[in-house]
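Thanks for coming, everyone. Please have a look at the structure on the screen, and then I'll walk you through it.

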Amino acid sequence: MDFKLDPADEAFRQEVRAFLKENLPPDLARRGACGFHPIRADQRRWQRTLFERGWGAPNWPVEYGGTGWSHLRQFIFDEECALAGAPATDNGGLRMFGPVIYTYAGAELKARLLPGILKGELYWGQGFSEPGAGSDLAALATRAVRDGDEYVVNGHKIWTTGAHTCDIIGLLVKTNPEAKQRGISFLCVDPATPGITVRPIIDIGEAHSLNEVFFDNVRVPVSNLLGEENKGWTYAKAVLENERATSAEVPLNKRKLAQLRHIAMHERSDGCRVIDLPGFAPRLAQLEVDLRALEWLTLRALTEKSEGAVLPYGSLLKVRGSELVQRIGELTVEALEQYGSYLYAEPGEDPDAKPDWPPGPDYAPGVVADFMYRRAATIYGGANEVQRTIIARSFLGL
Amino acid sequence: MDFRLTDEQEMLRDSARRFLEKECSLEQRLHAPVNGGFDAARWAQFAEMGWLAASLPEDCGGLGGDIVEAALLMEEFGRNLVVDPFWGIGVLAAQTLLAADADKARELLPLLCAGELRPALAHHEVQSRGVIEHVTTQARPAGDGAWTLHGEKTLVMGGNVADRFIVSARTSGGSRDRQGITLFLIDANVPGLQRRDVRLIDNRWSAEVTLDGVRVTSADLLGAVGEGWAALEYGHARGLIALCAEAVGVMERAMWITRDYLRTRKQFGVTLNTFQALQHRMAEMLIELELSRSMVYRAMAYLVRPLAARQAALSVAKARVGQSGRFVCAQGIQLHGGIGVTEEYSIGHYFKRMTVFENELGSAQFHLEQLALRECAEPAAARAQN
């Protein structure tokens, strides 16, 4: 066992930090540090910057334009970016769909889809869940019927994050209605195709990131089929596994905890800092303890991943990481008192918009909106109850 | 960073596992007569297998390992709830002695490694409550460079079988000053020392030691006068990690015992493992166990950091492991039902061990409070970057 951080990794951290200082524009960092969903223009701008530095895809192999970094370096990179307030990069393209495409897709599809992800020109929506297929995803009913060189798609997807601003949708469809898992295929669909209707779903934070998407005789070229027909479940599972590996979101939680500290040191009660009120600091300390535990469980998962991990790390991390982001949010909203109750409307996609917000400190907007959105953290990516069942069945043999 | 064990470490762990399963299993102990938790012949075997030497440097008769070896052994001890005083003598006292006085360490630790010397650390006092620097035992000047020791020490782990005591006493300063703590090494049967052995709820043994005018001279000093704190901190840091590693072993075994029980116990015509409510509790137990294991790794990694970062990491670990350990072992009892609270069945003993854990080297609450004080004192930016 060797717990020392390699000096080369530490030097790498300094390199990333210096890069961020030099290249992350202050307006992006300001918007990135608040709790609203990142706006697409910021994401595109930042992804382009990373791409030009050669850091467009930290988790991809070099042959597809990735960095080839170790898991530890990816972790360091993510952490530094989060702490600096960099906008979240496209989780869908980089983490979930990209790896599935370079692993399973044919040469033509790879060439068509991967460069756009790298350059920040191709953003992904995840067309998986349906009204009748949530935790039981394989019960999905959206149909694709082959007609010559095209599939004709009919159905209804829900919870499609960013469908209103994405460039492509990774869509799970039934190509064989007789089979459950083995009748599922994976299509890459242009959201501008005729027959597609996107309807916004406003979440309880009064923000818009989620959508319903309706498919009415939508014609998708067969060349947009990922891998083989009826093998989509395999690919979807890989996507979800990619989602869960980073689902503890330690870098994000670190940023949120740092923000909570900052707020608790600046909000006051009759002149006394909130952090100094009896009972507050121990609750903060408990969050710190739980974050550190999660951080080192993530490090173990990343280190063991390359050797074929035995523990169901993804599920372990998903459960506790999602709980933690909610608990940090609770204490932050509480620390803000009235500013934790004010409605600070989501500014929308225009970076120059001047929202008409109620008064309050700079750190207030976005906190309660994010807190509301994160009620979904214990639901999305496979509800925590499903994860517990996976842990119990797959590892504990119950 | 590499979480894999070296071949030597793996051999150490495997041999410890085999030996302890065969010789020190809980089932054997449950029916053994209470004998102060000490078996001299077995202690000699510990020495022979190199366990007492595993985490000590070579110039002190050790095998050149460090905290990882101690943690590996303690985890195995935890799995079997071993009661032999390995932690008190082989970790806490040995590591404190190592840091306190290089010359005496080279002279005495080889004897400890050989099983021929059994020092215990007489440091904890009734009002310590986790604070390392809490020392009210007095070393009063008695002329000619001598002192007399006056005070009471409690929870001296392994004290019931110790032949020497490392005593912390105040030569200056207030009850919680870091400066002014002096360490002495004294014989267990020196005049003025009284010992009362105490059995703990988890079947291990400790001692209360009363010092009433014990005469010591500079020959009995460990390190410099008034400078004992650093050695205590060194010993406590390693002792804390070893305890946490033991707790991981305790939790892991408690979890599997419970799993096996659920697979065999039938109610309503089916085995208990088919109930989802119980499956989910077990999933929570695994999560807590693995978070705790991660905390032990982190604490080991932070041992080389400067004092403030090191102490914070140790507090983080002790708090988390204490909370997880209590949860896992309490769930273990709950999922067993009534048999879980019987002395004859194993699972309750795991809970008892974790109960004592909470009263050693500071409770989870104590360590959370330490971290809370830090939260209030340090700038937020500095905390985030750690």
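**Domains and contacts**

Start with chain B. The centres of domain 1 of chain B and domain 3 of chain B, taken over C-alpha atoms, are 22 Å apart. A word on what you are seeing. This is a predicted model, where local features need pLDDT of at least 70, side-chain atom pairs count only at pLDDT 80 or more, and totals for chains, interfaces and linings use all residues. Residues are numbered from 1 along each chain as its sequence is written, while chains are lettered from A and ligands numbered from 1 in the order in which they are written.

Chain B has domain 1 (7–117), domain 2 (120–227) and domain 3 (230–384); these bounds come from an automatic or database domain assignment.

Now, how many residues of domain 1 of chain B are in contact with domain 3 of chain B? There are 20, and they meet 26 residues of domain 3 of chain B. In contact means that the C-beta atoms, placed from the backbone, lie within 7 Å. On the domain 1 side, helix 4 of chain B gives the most, with 10 residues. Helices here are DSSP runs (H or I, at least four residues), numbered from the N terminus. That side divides into 14 nonpolar, 3 polar and 3 charged residues. Nonpolar covers Ala, Val, Leu, Ile, Met, Phe, Trp, Tyr, Cys and Pro; charged covers Asp, Glu, Lys and Arg; the others, Gly among them, are polar.

Next, the two chains. Chain A brings 40 residues to the contact, and chain B brings 37. Helix 9 of chain A gives the most to the chain A side, with 15 residues. That side holds 25 nonpolar, 4 polar and 11 charged residues.

Note on methods: Contact = placed C-beta atoms within 7 Å. Helix = DSSP H or I, 4+ residues; strand = E, 2+ residues; numbered from the N terminus.
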